[in-house]
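Here is a short briefing to read with the model open beside you. Take the topics in turn and follow each one in the viewer.

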Amino acid sequence: MLFTKMHGLGNAYVIFNQLDEPIANQSLHELSKRVSDVNFGIGSDGIILISPSKVADYQMRIFNEDGSEAKNCGNGLRCVAKFLYDHMYATSRKFTIETLGGIVSVEVDVDQKHKVRTVTVDMGEPKLLKGMIPMLGDPVTVTLNEAHQFGDYSYHITAVSMGNPHAIIFVDDIKQVPLEIVGPLIENSSLFPERVNVGFVQIINSHEIDYRVWERGSGITMACGTGACAAVVAATLNKKVDKHVPITVHLPGGDLTISWDEHGHVWKRGPANYVCHGELDVSMMNTDINPIGRLII
Ligand SMILES: N[C@@H](CCC[C@H](N)C(=O)O)C(=O)O
């Protein structure tokens with residue numbers, strides 16, 4: 001099985017391209033757990049599969065490090081767009097990608113050698129109703145700065161779905177947040193029947209925020225694209241940043257530019273990068289031995 005490891009601001013995914021040949025029949029949940037393992041696998045925050053689509057130009061599926069499948073992945077979309085354009089599957093700079101969370105449009109920006117530099121994604125409209133997150137409570141109400149207790153910690157939550165669920169919490173000092181403790185507490189809270197991604201936001205000024213994330217199914221990551229979008233939506237709803245202007249989101253892995261426009265769509269622009277291409281020995285995946293990626297650098 002050929003693979004490409006890529007990252008969006010340090011949020012790393014092992015990508016399997018099924019456009020020419022489907023990968024061997026096996027549990028994708030198990031594959032993701034094994035491949036993502038940093039000691040016995042390749043090491044990543046999850047895996048992504050690119051396949052043909054009946055309703056868009058391409059299809060993307062994403063599995064977290066713990067093997068669970070997610071409906072969307074903002075950083076993964078930029079990686080997939082770069083892969084498709086650089087490898088000449090996509091011949092136009094604009095194309096569409098189907099995710100379980102809906103169809104998104106991407107537009108690549110290329111350098112002089114015609115390689116993708118940054119990708120802009122129309123992430124669509126955020127969903128705010130509790131029933132759409134999903135979150136316990138009246139399904140037709142919005143969770144806006146709502147107080148909740150998680151073990152010893154009390155936080156005010158704004159809930160936003162970007163195809164996948166995010167709980168956004170504003171704090172004065174993001175560095176003081178014990179993310180490895182409160183992340184899993186909130187992720188697995190009974191408030192969120194499908195678990196939740198947990199993002200902490202510190203407002204820098206009206207067009208700049210700091211954001212740290214605990215991802216559902218992957219833990220602390222260097223960046224989360226859908227989470228950055230959710231953070232800007234939550235900051236706008238809570239009147240903490242300017243409306244309809246580009247907001248710079250500083251993440252541990254780098255910056256993203258997010259705009260929530262007057263038509264209700266969230267736009268995300270940022271880079272995507274390669275780590276390596278390699279070959280995974282499928283026969284080893286069918287035994288108890290953990291997979292080994294043979295890297296072709
Ligand atoms: N890192 C991703 C989100 C990946 C899925 C997420 N952990 C979930 O389970 O919803 C991004 O960049 O958006």
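In the largest nonpolar core, which has 80 residues, Ile 15, Val 80, Ala 228, Ala 231, Val 232 and Val 249 touch the most other members. A nonpolar core here is a set of buried Ala, Val, Leu, Ile, Met, Phe, Trp, Tyr and Cys residues joined through C-beta atoms within 7 Å. This is a predicted model, in which local features need pLDDT of at least 70 and side-chain atom pairs count only at pLDDT 80 or more, while totals for chains, interfaces and linings use all residues. Residues are numbered from 1 along each chain as its sequence is written.

**The core**

- The core lies between domain 1 (2–124 + 272–296) and domain 2 (130–264), because both give residues to it.
- Ala 231 is in contact with Ile 168, Gly 199, Val 201, Ile 209, Tyr 211 and Val 249, leaving aside its neighbours within four places in sequence; contact means that the C-beta atoms of two residues, placed from the backbone, lie within 7 Å.
- As background, nonpolar side chains tend to be buried together in soluble globular proteins.

**The two domains**

- The domain assignment gives the protein chain domain 1 (2–124 + 272–296) and domain 2 (130–264), with bounds that come from an automatic or database assignment.
- Their C-alpha centres lie 24 Å apart.
- Across the interface, 22 residues of domain 1 are in contact with 18 residues of domain 2.
- On the side of domain 1 that touches domain 2, H2 gives the most, with four residues.
- That side of domain 1 has five nonpolar, 12 polar and five charged residues; Ala, Val, Leu, Ile, Met, Phe, Trp, Tyr, Cys and Pro count as nonpolar, Asp, Glu, Lys and Arg as charged, and the others, Gly among them, as polar.

**The annotated cysteines**

- An unreviewed UniProt entry places the feature "active site" at Cys 73 and Cys 224; UniProt positions are given in the numbering used here, feature names are shortened, and annotations may be inferred rather than shown by experiment.
- These two span 152 residues in sequence, yet no two of their C-alpha atoms are more than 7.7 Å apart, so they gather at one spot.
- Cys 73 is found in the loop between strand E5 (69–70) and H2, and is buried, with 30 other C-beta atoms within 10 Å. A residue is buried if 20 or more other C-beta atoms lie within 10 Å of its own, exposed if 12 or fewer, and partly exposed in between, with C-beta atoms placed from the backbone.
- Leaving aside neighbours within four places in sequence, Cys 73 is in contact with Ile 62, Gly 225 and Thr 226.
- Cys 224 sits in the loop between strand E14 (219–220) and H4, and counts as buried with 34 C-beta neighbours inside 10 Å.
- Beyond four places in sequence, the contacts of Cys 224 include Asn 11, Gly 74, Asn 75, Asn 197, Val 213 and Glu 215.

**Around the ligand**

- Ala 70, Asn 75, Asn 164, Gly 225 and Thr 226 come nearest among the 19 residues around the ligand, where a residue is near a molecule or strand if its C-beta atom, placed from the backbone, lies within 6 Å of it.
- By class, this shell holds four nonpolar, 13 polar and two charged residues.
- Domain 1 and domain 2 each contribute at least three residues to the shell.
- The unreviewed UniProt entry's "binding site" positions include Gly 74, Asn 75, Gly 225 and Thr 226.
- Gly 74 is in helix H2 and counts as buried, with 27 C-beta neighbours inside 10 Å.
- Gly 225 is in helix H4 and is buried, with 29 other C-beta atoms within 10 Å.

**Backbone details to check**

- The peptide bond from Ile 133 to Pro 134 is cis, with omega near -5 degrees.
- Lys 239 has a phi near 55 degrees, a positive value in a residue other than glycine, and is exposed, with 9 other C-beta atoms within 10 Å.
- His 244, also not a glycine, has a positive phi of about 55 degrees and lies in the loop between H4 and E15.

Terms used
Helices (H or I, at least four residues) and strands (E, at least two) are DSSP runs, numbered from the N terminus.
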